[in-house]
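I opened this entry to keep track of what I looked up. My notes follow the order in which I checked things.

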Amino acid sequence: MPRKNPSHLLELVGCLSLAAMILVGSTGCQVSVAGQTLPSAYYLDDDVQYFPSGPEFKLPREAAALRAARAEEKLRGQ
């Protein structure tokens with residue numbers, strides 16, 4: 001039974017350790033605990049998302065069309 005060279009074993013352990021560190025370092029730290037999504041440690045460095053304010057009522061054209069249709073029905077009904 002041939003014996004393995006200790007330097008090859010050391011290289012293998014070193015490569016596996018490096019691969020594990022790269023894998024851990026490339027993943028975020030965002031986790032889900034008891035239904036909560038907790039942020040990563042770098043959440044303060046994330047880009048800020050800006051959503052400009054829009055109209056409070058989201059369907060103004062549809063509401064105007066319904067009012068016009070009701071007014072037209074009243075005119076035809078008389």
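I started with Leu12, which sits in helix H1, residues 6–26. Helices here are DSSP runs of H or I with at least four residues, strands are runs of E with at least two, and both are numbered from the N terminus. I noted that the model is predicted, that local features need pLDDT of at least 70, that side-chain atom pairs count only at pLDDT 80 or more, and that totals for chains, interfaces and linings use all residues. I also noted that residues are numbered from 1 along each chain as its sequence is written, and that side-chain values use heavy atoms, with hydrogens and water left out.

I then looked at the surface around Leu12. Leu9, Leu12, Val13 and Leu16 form a nonpolar patch there, with about 390 Å² of accessible area together. Patch residues have over 30% relative accessible area and no salt bridge; like charges are joined within 9 Å, and nonpolar side chains (Val, Leu, Ile, Met, Phe, Trp, Tyr) within 5 Å. Areas come from the Shrake-Rupley method with a 1.4 Å probe, and for residues only the protein chains shown count as cover.

I looked for salt bridges, meaning a side-chain nitrogen of Lys or Arg within 4 Å of a carboxyl oxygen of Asp or Glu. The count came to one: Glu72 and Arg76, at 2.7 Å from N to O. Both residues lie in helix H2, four residues apart, about one turn of the helix. Glu72 is partly exposed at 41% relative accessibility, and Arg76 is exposed at 66%.

Last, I read the whole chain. It has two helices and two strands, in the order α-β-β-α. Of its 78 residues, 3% are buried. The mean pLDDT (the predictor's confidence in each residue, from 0 to 100) is 81, and 85% of the residues score at least 70. Confidence is lowest in strand S1, residues 31–33, with a mean of 71, and highest in helix H2, residues 60–77, at 94.

Notes: Buried < 20%, exposed > 50% of the residue type's maximum accessible area, 1.4 Å probe, protein only.
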